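Here are a few exercises to work through with the model open beside you. Take them one at a time, and try each before reading its solution.

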Amino acid sequence: MADSEIQFLNAVSRPVPHDSARAHVAGRAVYTDDMPEAVGMLHGAFGLSQEAHAKILSLDLSAVRAAPGVVAVFSAADIPGKNDVSPFAGDDRLFAEREVIYYGQAVFLVVATSVEAARRAAKLGRIEYEKLPPLLSTQDALAANSVVEPAQSMGRGDVEAALTASPHRVKGLLEIGGQDHFYLEGQIAIATPQEEGQVHVLSSTQHPSEVQHIVARVLGLVDAEVTVEVRRMGGGFGGKETQASLFAAGAALAAVRTGRQVKIRADRDDDMILTGKRHEFSAAYEAGFDENGIIQAISIELASRCGCTMDLSNAINDRAMFHADNCYFYPVVKIHSQRAKTNTVSATAFRGFGGPQGMIVAERAMDHIAHELCLDPLLVRQRNLYGPGRDVTPYAMQVTDNVAPEMIAELVQSSDYEKRRAKVAEWNETHRIIKKGIALTPVKFGISFTTTHLNQGGALVNIYTDGSILLNHGGTEMGQGLMIKVAQVVADVFAVPVESVRISSTRTDKVPNTSATAASSGSDLNGMAAFNAAETIRRRLVEFAAKHFGVAEADVHFTQAGVQAGTELLSFAKFCHLAYLNRVSLSSTGFYATPDIHYDRKTHTGRPFYYFAYGAAVAEVAVDTLTGEHKVLAVDIIHDVGKSLNPAIDLGQVEGGFIQGMGWLTTEELVFDDKGRLLTHAPSTYKIPTASDRPARMEIKLWAPGRNVEPTIHRSKAVGEPPFMLANAVFCALTQAVAAAAAGGGFPKLDAPATPERILAAIAGLQAGHG
């Protein structure tokens, strides 16, 4: 393992551009929809339910079949295998059968000679329903005892007794909205029939192996008869982890049944209606604390709207529980989680995977305690941080890598926090309409899949006789820079330029049984697997060179000038050709499994995470108290990525994660009507952050002393999800600004997202004395 820290050319830790950067800006990067279409390709579109909960009494597709351009129509009766596109639970259907369970559920699929013909025909299905009462809200579902699984709890000590004994207590309720992934490239799949009933699927998915398993299940095939491939996605954010399977399975079914290539490309409206979102949460908390704001006990009640099926809700809600402490030690704690089953689209993975929802509750409690004691919220946060003798989480994992205190102290100085906070207070004293707020919040995010068996990765490295290298691994590229990072790792092993490493599509027939590119683990798993594959080849080559040139293995070196064996120096290309002539294998697979992790879900104790990633952010905001509109004025961030594999990529991930998190907490609002219909299903009504929402001043630094205490690939740390929660600083700053709008009115009841309407409502509540 220590060998993974050896750097021969220093290809790692350099700010190498994204491998597709030039192709992206020039329009040459090939996405699924850009692939050449076979002669006779068919296009698919789903017919969707118009009820949130109803029995299907009859399904008349005659008008669909008679529509111009239609070649075939498929429903549940046409599935040769199982009508099941779920990841685990067996409750997600490719097509609804006897009952629909959310508005917009797929009922049938039409394939036609053009995408326009397919979409027009898909609207012609006649479905007779017997309406059933839908459960649309978390509260309605819990009242009806409708859950995807029983409630879960973790904690320690007697919370009620400790709360009663605490000198001070606060309690509150925070409503936390969902979020649409809004990837720029929508859901898409192209299925091509192969010989003997086999099928190839080009899918925009974060989880090729899962798509392979599900397509095989639907078609009644074995996994080896299905090949799934993905070169790149135009964004994923978790929305293409399980959600891609519906489109891939539908395309594969139609391709196998018609014998023609089939493409399904969802338009934006259907995509947003059909696919899952971030889980909405309702979070109640009660905290007991002393006169210094140090928590003595805390009770947190989480309830989430999971939608109509399980999907990944069990693991997502577990992670929300894991992160309800954030960076803070709770001596006595109870975290209780309820998982509501509703007649809405099934909620799914989204960047942070439940962590953001848990973490924002911790930050709300800190703000509330500070307000109660008239203290700077930062001071309360610092007093409650994990530290010596206060280093065990509510799930009994010891925090051994805690750098949050150091990072916060550095950010306080570099951001000039104290002076800026004083200036904000001075501004609020002299300005009646525009109120400002400032907040500094930390992040501690656990890295690993909490489903332990998923913490594994595979890779394949081939070296050709001209010295060029082909890299394949189980990770997928969705713009985050995974491919270039892993290529840097492989280039470093052989001391060759990163340009010598050719990156290839992720394919299930090259690297099998892979995990999703998720949980921020892409570089950890696939980088180490690729390192192991490359190191296997390197060891073979060192052994060969030592024997061939009659030198000790210690005298064989891979250098920028070539391979040095004693006094002999050959270019890498000539050396590889020589090895080939001497029958040395230049190909190897590599495998990596994350060590030292374990978790007992029955007791909710163990070590579910290999390590933690840390960060801290200061956000300064201004609120117009007449309109409720706000502006993020300035942001300062320090983020810990360990020993960065690629600082340029990591800085981009930090900025992008922060902006996306800011959108979740401020502008991105999912609105369903009383029939379960999603009303915000297009960019005209669903507002993601734009370039103008980026703060005018945004300072981002990677923490210079960063180094992972665990032997990850080159001691790096994950960077995909943790920066998302840096945006908590914006929400907390908005809370401070709202409080300033009605000084003495109490603690604001501000829910997320903090839209203008919610900000005005929070201000009105304070003015009416309902804080």
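Accessible areas come from the Shrake-Rupley method with a 1.4 Å probe. Keep in mind that this is a predicted model.

**Exercise 1.** Describe the surface and the overall build of the protein chain.

*Solution.* Start with the surface: the accessible area of the protein chain is about 28100 Å², and 51% of this belongs to carbon and sulfur atoms. Next, look at burial, where residues count as buried under 20% relative accessible area. Of the 771 residues, 61% are buried. Then compare the radius of gyration: a compact globule with 771 residues would have one near 28 Å, and the protein chain agrees, with 27 Å. Finally, count the elements: the protein chain has 19 helices and 29 strands.

**Exercise 2.** Find the residues that touch the most other members of the largest nonpolar core.

*Solution.* This core has 161 residues, and the two to pick out are F494 and F658. Helix α15, residues 522-549, gives the most to the core, with 13 residues. Now zoom in on F658: leaving out residues up to four places away in sequence, its contacts include V635, I637, M698 and F724.

**Exercise 3.** Is helix α7 mostly covered or mostly uncovered?

*Solution.* First locate α7 at residues 244-258; it reaches 21 Å from its first C-alpha to its last. Twelve of its 15 residues are buried, so α7 is mostly covered. Among the buried ones are L246, F247 and L253. Last, step just past α7 to G259, which takes a positive phi of about 75°.

Notes:
Residues numbered from 1 in each chain as written. Predicted model: local features only at pLDDT ≥ 70, side-chain atom pairs only at ≥ 80, totals over all residues. Heavy atoms only, no water. Core = buried A, V, L, I, M, F, W, Y, C linked by side-chain atoms within 4.5 Å. Buried < 20%, exposed > 50% of the residue type's maximum accessible area, 1.4 Å probe, protein only. Helix = DSSP H or I, 4+ residues; strand = E, 2+ residues; numbered from the N terminus. Contact = heavy atoms within 4.5 Å. Expected span 1.5 Å × (residues − 1). Rg over C-alpha atoms; globule rule 2.2 N^0.38 Å.
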